[in-house]
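Please look through the sequence and the 3D structure shown here.

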Amino acid sequence: MRVLITGVDGYLGWPLAHALARRGHLVAGIDALLRREWVAEMGSQSATPILDIDSRLTVFREVHGEDLRFVPGNVCNYDLVEEAIRDFMPDCVVHLGQMPSAPYSMIDAHHAVFTHQNNIVGTLNLLFALRDLAPNAHLVKLGTMGEYGTPNIDIPEGFFDIEYRGRRDRLPFPRQPNSMYHLTKVHDSANIHFACRVWGLTCTDVMQGVVFGTRIDALNGDDRLLTRFDVDQAFGTVINRFCAQAVIGMALSPYGRGHQRRGFLSLRDSIQCLALIIENPPDGAGEYRILNQFHETFDVYDLALVVQGTARDMGIDVEIKTVENPRIEAERHYYNPDHQKLFDLGYRPTRTVREEIRETLEDLGRFAERIRLCRGAILPSIRWRERKPRPSPVGGF
Ligand code: USQ
């Protein structure tokens, strides 16, 4: 299969490219390398030492005997998207090329507007280019479980049956996201649904939970293939941040009461699921398929306890200290989302969360010095209701 990955330089994009090449697919990628700049703007760097993009491409060829066809540039540039699709004629486009951080989108008006423009325009460009040039290609779009928010009822996979004033219908489940970033994904979902209904495009919108971990098997323990691993307040996700805090002896930081519940899956399982989705497109043209992609749900404080216990088994003693919650979110709530469709496609979780946390701690131990350099970027200063106390212009805005 010919697979085009937008955001191929990112946390998910880079390992996905390797995994797909190993499964015999031909891979192309687009990236503007903005993630590297955003993390630097937060005063941080990837805890894992990652190669620059030219070296990455050279190593890719060496490992797979095949080029990763790389287009440097931004999916917000329509001409670039059109040319990439015309040149490569993908069977599948995996759209990961977005700004993925809730806190970054909440810094101030500039960052919120930038996030909306960047994420929504990029998706629109892809939808139009697919309509006009490759209408039979399958778009796999990375959405987020955060689109749904935390309603006090079960969460289905995208749609639910509803009876209202004596009439019945199957409708999109309500979305109540908790950040400007998560809102962009909601707007994307509406645009993608429209493109399926009106233009007959075939899309899978992946409501992914919080991803964590350092490894996938296709990286084979070769450090040149490592994917990035962020630990700062904006781009580090919660388990990754707890693991990074543990290896430098910094207290783990659940926000508020710490009983926020989310769906989690390891990097390795995220890649496994994306590969399954790519290789098993929806049956019919015009289908808009939504999958909830996570392994297990956890309470943030319980995760801190798992990281603390696992670290202790490895001889690292670390405290847990809750910090004032910088976000506006429910800190104790009902949370019961469905996630059956991926299991029906063949998803088999590879490790328990505890095993995966142990491997992450082992891997990060080697990079403790790099994490120490980011120490000042770890605790939260971006608040949902106040402007961050420093003017911060966004690249390209
Ligand atoms: N949290 C803490 N302590 C920390 C960091 C986070 O308690 O040090 C809490 C947050 O308040 C939140 C939960 O952990 O309740 C998850 O936060 P997160 O930063 O790990 O994840 P989130 O902001 O929700 O975003 C991440 C990815 C995003 C993806 C999303 C999936 O950055 O791209 O869309 O996970 S989900 O959370 O299911 O919406």
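Arg165 sits in the loop that joins strand S6 (159-164) to strand S7 (167-172). Helices (H or I, at least four residues) and strands (E, at least two) are DSSP runs, numbered from the N terminus. The structure is a predicted model, in which local features need pLDDT of at least 70 and side-chain atom pairs count only at pLDDT 80 or more, while totals for chains, interfaces and linings use all residues. Residues are numbered from 1 along each chain as its sequence is written, and side-chain values use heavy atoms, with hydrogens and water left out.

Arg165 is not a glycine, yet its phi is positive, near 50 degrees. Its relative accessible area of 74% makes Arg165 exposed. Here buried means under 20% relative accessible area, exposed means over 50%, and partly exposed is in between (1.4 Å probe, protein chains only). Leu33 also has a positive phi, of about 60 degrees, without being a glycine. The loop that holds Leu33 runs between strand S2 (26-31) and helix H2 (34-41). With a relative accessible area of 25%, Leu33 is partly exposed.

Now take the chain as a whole. The protein chain has 13 helices and 12 strands. Its radius of gyration is 20 Å, close to the 21 Å that the globule rule gives for 397 residues, so the chain is as compact as a globular protein of that length. The radius is taken over C-alpha atoms, and the globule rule is 2.2 Å times the number of residues to the power 0.38. Along the principal axes, the C-alpha atoms fill a box of roughly 60 × 55 × 45 Å. Of the 397 residues in the chain, 58% are buried.

Ser46 lies in the loop between H2 and helix H3 (53-64), and at 5% relative accessibility Ser46 is buried. Its side chain reaches the backbone nitrogen of Phe229 at 3.0 Å. This is a polar contact, that is, a pair of N or O atoms within 3.5 Å; within protein, one must be able to donate a hydrogen and the other to accept it, and residues adjacent in sequence count only if both atoms are side-chain atoms. Asn292 belongs to strand S11 (residues 288-293) and is buried at 0% relative accessibility. The side chain of Asn292 comes to 2.9 Å from the backbone oxygen of Asp338. Between Asn292 and Tyr347 there are 55 residues in sequence and 12 Å in space, C-alpha to C-alpha. Tyr347 is in the loop between helix H11 (341-345) and helix H12 (353-365), where Tyr347 is buried with a relative accessible area of 1%.

Which residues come nearest to the ligand? They are Pro100, Thr144, Val238, Tyr255 and Glu329, out of the 21 residues around the ligand. A residue is near a molecule if one of its heavy atoms lies within 4 Å of it. By class, this shell has nine nonpolar, eight polar and four charged residues. Ala, Val, Leu, Ile, Met, Phe, Trp, Tyr, Cys and Pro count as nonpolar, Asp, Glu, Lys and Arg as charged, and the others, Gly among them, as polar.

One lies 2.7 Å from an N or O atom in the side chain of Thr144. A backbone N or O atom of Gly146 is 2.8 Å from a ligand oxygen, and a polar side-chain atom of Tyr181 is 2.8 Å from a ligand oxygen. On its own the ligand has 730 Å² of accessible area, of which the protein covers 94%; accessible areas come from the Shrake-Rupley method with a 1.4 Å probe, and for residues only the protein chains shown count as cover. Helix H7 (180-199) and helix H8 (238-247) are the elements that give two or more residues to the shell. Tyr181 lies in helix H7 and is buried at 8% relative accessibility. Tyr181 and Gln98 are 83 residues apart in sequence and 9.6 Å apart in space, C-alpha to C-alpha.

How many disulfides does a search of the whole structure find? It finds zero, a disulfide being a pair of cysteine sulfur atoms within 2.5 Å. The closest cysteine sulfur to that of Cys203 is in Cys196, 3.6 Å away, which is too far for a bond. Cys374 is in no disulfide either, and the nearest cysteine sulfur, that of Cys243, is 15 Å away. Cys203 is buried at 0% relative accessibility, and Cys374 is buried with a relative accessible area of 1%.
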